[in-house]
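Dear colleague,

I am handing over the structure shown here, and I would be glad if you could look through it with the notes that follow.

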Amino acid sequence: MKAMIKVKPDKFKNGDVIKVSLMAMHPMETGSRKDKKTGELVPMNYIKDVKFEYKGAVFTQMSVWETVSTNPVLTTYLKVDGEGDIKITLADDTGKTAEVSKQIKPKG
Amino acid sequence: MKRVYGVVLSLVLASSLMASEQFAMSDADRALYEELLENNPADMIIANGEELLGSLGGEGELAKFLALSEDDLPKYIAGFPRYMKNIGSVVSIDQMLQAFMSTKGEKPYKLTSREMLDMSSYVKSLANGEEINIDIEANEHMKKAFALGKEVFETRRGKRGLSCLNCHNPDVVNTILRTQPLPDISAKGNASAATWPAYRMTMSNMFTLQERFQGCMNNALLAVIPLGSKEMTALEVYFTHEAKGATMAVPGLKR
Amino acid sequence: MLRRDFIKGVGVSAASLALLPSVSFAAPASNALTYDAALKAITGGKEAVASKKMKLKAPEIAENGAVVPVTIEVDSPMSSSDYVKSLHILASKNANSRCLDAFLTPANGKAMLSTRIKLGETQDVVAIAELSNGEFLMATQNIKVTIGGCG
């Protein structure tokens, strides 16, 4: 599962609230789509849990459903309090997991 | 000429207007979709393309192959399709990359491969911020390619006797066809060539300009022209020249 | 509201644990919940009221049903005594009306959530917020989903 963290803005100070977006490549199959070649239903397969951590503490948790778009983008916010790692862990309903991290460094 | 395509198009439009409700998206709605560009799922495809080029030596090696400095790479990329002497024909970025891979002793990615899609998209994105500077007067090859491309664009063919020009001409810009406004492909309008390759929301995947041409041909019941063929490359030359001067901004995000 | 297994197993600091919802909900029999059932799973039957403090941003006309941008924002200090505990997006006519549930903490600094959802047809998209004082807020927007287009 390929995933990417995007943080906006690029430059920020302590106390600022930044936007944290998780992007992932995932089919997010609902289980109701038919494979064009075989005519069979493609089984349900979607990212269902996402956990956002900052300096080891969870700041947002998400329960994601199969109704979210393919190749999902999930955006939450974080109040900056010092230099540290943002770590996002995701899991889909087949047991596949992924983890991405990004170091953030406030200026001032 | 004007009257002829006007009559054909009005028949096509009349049937589509009767068939579906015509929704007009508000400016506020359009602004919401423009915001999506900030986190375009294609960003991950571009990142993959960067890795693929990296395994071939990255921008440094590519610049060397093109006999350029790395600084000159973006502007040069913004000038494709180009005639390349060492290849002997007018080529798009992906065909250039095939030649690059050959010189590195690698089996070139097929034009239809995932790898080529990702890598050529990344390479085209190096030109972001540059103005499209394709030069159709550069040499006889480019002149011929432009003329051929124009001919392909304007030739009526297929079951409905449609040409690209029927729907992509200044007189019908913004007319709603199948719920979508017809774009102005020129630099002063939508400058379509500057935003392909693009992530298509309805397909959840990235498509190149030539692939989009094929999709369009399918819909208009025209025989599809093969990717990388002389005619398809010529069509890309013509289409890109229409957007000359526009700022490159890839990957795009489209319906 | 089903909280998923993998979250239980991972270490969470004591401070944030206290702020996460401690109530566990019974797992539904099947994955899909109709709108009424999904709403009840979130609010426990309590009324969710419209409020000026809550904004739902989504197109009135969606260009396609595969990628519909949705943003929820609630005006909240996000302090330990007054914050938004969770934000939920529901699509009233989707087979599974649930789209996204986000559980927040004061560390967010801002009660705002964005994603893109799939809509099977023209329908109401509903945003629900649960506040730390137990109140539920709601915002609704009807979204027309267009079919057609040039391929």
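Predicted model: local features only at pLDDT ≥ 70, side-chain atom pairs only at ≥ 80, totals over all residues.

Residues are numbered from 1 along each chain as its sequence is written, chains are lettered from A in the order in which they are written, and side-chain values use heavy atoms, with hydrogens and water left out.

The contact (heavy atoms within 4.5 Å) takes 36 residues from chain C and 33 residues from chain A. Strand E4 (residues 57-64) of chain A is joined to E6(C) by five bridges, and the two run antiparallel; strands are DSSP runs of at least two residues, numbered from the N terminus, and two of them pair if DSSP finds at least two bridges between them. Within this pairing, Thr60(A) has Leu104(C) as its bridge partner.

Between chain C and chain A the count of salt bridges (a side-chain nitrogen of Lys or Arg within 4 Å of a carboxyl oxygen of Asp or Glu) is zero, whereas four are found across the interface of chain A and chain B. Lys6(A), for instance, forms a salt bridge with Asp43(B), and their closest N and O atoms are 2.7 Å apart.

For chain A and chain B, the buried area is about 1000 Å², of which carbon and sulfur atoms give 58%.

Key. Buried area = accessible area lost by both parts, 1.4 Å probe. Helix = DSSP H or I, 4+ residues; strand = E, 2+ residues; numbered from the N terminus.
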